[in-house]
Every structure is written in C-alpha cells, then in structure tokens.
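Colleague: I am new to this structure. Please take me closely through one part of it, the place where the two chains meet.

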Amino acid sequence: MKWLICLYGIIWRELLRFFSQRSRFFGALVRPLIWLLVFATGFRAALGLAIVPPYETYIPYSIYIVPGLVGMVQLFNAMQSSLSMVYDREMGSMRALLTSPLPRWYLISCKLLAGIVVSILQVYAFLGIAWAFDDAIPTLGYVTVLPALIANGVLLGGLGLLLSSLIRQLENFAGVMNFVVFPVFFLSTALYPLWKIREGSDLLADICALNPFTYGVELVRFAFYGQLDPVSAAVVVVAGAVLLGCAIVGYSPSRGLIRRKT
Amino acid sequence: MTPALEVSGVSYRFGERLALDSVSFTVEVATFTALLGPNGAGKTTLFALASRLFDCSEGTIRIFGGDLRRHPGAALARLGVVFQDQTLDLDLTVVQNLRYAAALHGLGHRDAARRIERELSRLGLAERRNEKARRLNGGHRRRIEIARALMHEPALLLLDEPTVGLDVPTRRDLIDQVHRLCRDDGIAVLWATHLVDELDPVLDRIVLLHRGQVRAQGRADEVLAAAGTADLRCLFDDPATVAP
C-alpha cells in the first residue's frame, strides 16, 4: 500500500506542476500543431504517399504525420521531464525524493510513470485538436493507441531519465536539445516513410531504421488502426527497458553519477 | 542502549580528494548533538552519506542499529533530514509540499492530513498552509522543511546548517524549537553548524570535524575542559590543536 501511495504522490505532484505551468501545456501543443496545420498542409499537395501498412488506401500527408507528431509531443515532454529532474537536482528538491525509504529503482520508475501520465494528457489534447482539423483516425483508435503511448512513454521517458542522470548542469541542456532531440526526431519515420527516405539516401534510411524512435512512431501508427506491429513493439519494449535500467544505475547510490552532483 | 546514529570508520573520496577520513561518532537517543566544523570540513558530505544520497566507500552507518547500506528502507523510515539548500517545491503550497513528503513515506491521506495540522500548529505556521512556498520568507521555509522532515515521525533528525541566511532572532527561535523536539519528543538530533553560538555548552554534545577528521567529541563542556579552554570559539577557530 505504501508503494501505491508513493506512486500516487509522485504522479499527483507532477500533475500539479503541469497544470500550474500553463505555458508548458500550450508550448507542448503549439509545436505539433504548427507542424500539422502549416507544414503538413504545405506538403499535402507536394508529397504523394503510396499505400503502406497499416493504411489500406492512399492517405493525405496530414494523416501520415499524426503519429510522428504524437511521438514529438512525447519526446519533448520526456525532455521537459528530464530538464525538470536536472533543475530539481540543482535546486535540491530531488533530495526529498531520494531520501524516501522506498527503493531508489522504484522512485525513479514512479518519476517515469508520472512523466508518462503527463505526456498522455498532452497527446490527447493534441489529438482532440487534430480531430477537429481532419477526422481520419478511427474512433476506436483513440483507445487502442493508449498501450502504445505507454510503451513509447517508457522508451522516451527512459531516455530523458538517463540524460538527466548524465547532464551535470542545467546550462548543458540546450546542447542536449540540439544533439539528441532533433536527430532522434528527424532521423525517424515521423515525417516521411522509410521507403521515401530510402529514395533519397540509403544511408539515411539505414540510420532511421536503427533509431528506436522510428519504432515508437510506427507502434503508435499501427495502434491507431487497432493493429500491433510486433517488430516495433519488441524494439520499443527492449530499448525502453534498457534505457530505464541505465537510468536506474545512473541514480544508484553506490554506482550512480548522482554522487558527484548532490 | 543502541545509538540513534552510529558512524564507524567512514571514509569518502571525491576523485583524488579525501573528503572524510575514518570518521566515527555516535548520536545517542534523545540528545542534541552538534556537528561542528568550518566550511569544507566534510559536514555536507557526511549528511549526504547519512541520508543515503550516495553510499560511503568505506565504513558503516547504522541508524538505530540498522545498517543503512544493507537495509536502507528501514533506516530511512526512522530518519528525517533538513538539507542545507532549501528543497521545497516553490510552485506548490505549504500543504501540497507536506502532502508530497507524506506520500513519499507511504502515509495515507487521512494520516497525512492529521500530521500536517499537528506539525503546522507546532511550528506556528497553520495560517500559512495555503500559501505557495515561493511567497514564504527564509525562516518560514526552514520551518516548513523541518515540518516536512517530521511528517513520518522520525526518531532521528539531521539538520545541515539550517540557520544559514536567517537573522539572529529567527535563528534563536529555530534552535529553541529543535531543542524542544529533542527534549519533549525524544528525537535524536544531529545539527551541523559552523556557528558556535548556536550551542549550549552544558547540554549539547559536540562532534568537532576538521578536514574530514573527527578532532573531538563528547559533551561540549567536557571537550572544552580536555582542550584546556573555556571558550568554544577557541576550539572552533583552531580545531587542529585538538587531538583527534
């Protein structure tokens, strides 16, 4: 019971902070909406997309891009959570969490889950606006996508936690945005399908195929249509577990890098 | 009787620098012990180890007999900590901060609400409960941090230079409150400071830390007698003169 109360408390605090920071909420929505309403509209006529699973017919670009933008919302939320962890560590409030009697791995996992809850709220707010713009996702897809969002949240949240255990100072975070977030997003199938990228460059397509975020986007894409892509699911789950495991080691009292920064 | 805190042969290195060198001392139940030392003596490192922010490389730390490294959960459940840097979430209200701390210790809603009211009343902050921590002054923030550290009813309270940045009356008030906790509730207190005027030389025990080593420990008046001085400041100004 204590463990559940602790989980509830960490999620509750994260939600309180999220709702008290309205600019964070609007910032999280504006970014993908600009891509959807401006970028996708512009490319709608220029970019032709062949029929590829899970789609059973030709689709406009604005439909194709939605799973990628969902991934973008989750990726940026994970980075926001990571930034928040670094800030908490520098400001000292992380210590309140780390001196809880519950195991460190559990506390870090709770932080991850809290970040996932916030990211899912952001995703559904985005999907609500996207639905008003172009209602092309099956109604049931809004439900079947939920497990994929959770799995993707573990993958990206794990990455964020790992980064937060590695980053020494808050000032270094801008570098992370440039060297981690943008390559992760652009070197994936978020904006173009893999076959389209391969038409331009085999090397780029191979890099995209090695990027776990690609599989997170595809997992979401298939889930919108009530389908499970087993390869994507396997990559997301394994990569998520590895990243979370590394983050837990990073915060470990005996081996972690936290010892140098607290 | 088992000591509240037992530090045995603890050493810790930051790279090449030895921050703590075979530190050993005890804090007895229901006593106020001051960890005295100048800046850089190793007090904050010791607090980080005693609250298991990270593990010590050598030695053991026991809280009421339980090894902190082997059984951290049981040990941390009996420990309350007030860190040197303020650690409140400034965007949350006083009650929200305390409720979060209660949840981290697994306290249910009803139990947490009861303890929050009790601690806020005890520390004279009941009327500030719904204010954001950001709007409180330094003294009030410190009291809230103490209230937070007491939420799970610890038997040992660690405070790392809690009076830094406070004016003299607020400092005095805070020290008196912590002494009352020690006397009335039987809580063992380890109070790190570099300000000797925060001590009661007759009632308090001291552990004198200098360059990562314990130079002296015992009741303050006994340590003074052994060092051949009547003024704590002499002891503090040149701790190297006290035999380890």
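Modeller: Between chain B and chain A, five residue pairs are in polar contact, both residues at pLDDT 80 or more; the model is a predicted one.

B:D85 forms a salt bridge with A:R95, where the closest N and O atoms are 3.9 Å apart.

The area buried between chain B and chain A is about 2,600 Å², with 63% of it from carbon and sulfur atoms. Of the area that chain B buries against chain A, 26% is supplied by B:L53, B:Y100 and B:L104, more than by any other three residues.

Helix 3 of chain B covers residues 94-104, and the loop between strand 6 (79-82) and this helix holds B:T93. B:T93 has a relative accessible area of 13%, under the 20% cut-off, so B:T93 counts as buried. Leaving aside residues up to four places away in sequence, B:T93 touches B:R129, B:N130, B:E131, B:K132 and B:A133.

Strand 6 of chain B is covered on both faces, with B:L79 and B:V81 buried on one side and B:G80 and B:V82 buried on the other. Four bridges join strand 6 to strand 7 (residues 156-160) of chain B, and the two run parallel. B:V81 has B:L158 as its bridge partner in strand 7 of chain B.

Definitions and conventions:
Residues numbered from 1 in each chain as written. Chains lettered and ligands numbered in written order. Predicted model: local features only at pLDDT ≥ 70, side-chain atom pairs only at ≥ 80, totals over all residues. Heavy atoms only, no water. Buried < 20%, exposed > 50% of the residue type's maximum accessible area, 1.4 Å probe, protein only. Contact = heavy atoms within 4.5 Å. Pairing = 2+ DSSP bridges. Buried area = accessible area lost by both parts, 1.4 Å probe. Salt bridge = Lys/Arg side-chain N within 4 Å of Asp/Glu carboxyl O. Polar contact = N/O pair within 3.5 Å; in protein donor to acceptor, adjacent residues only side chain to side chain.
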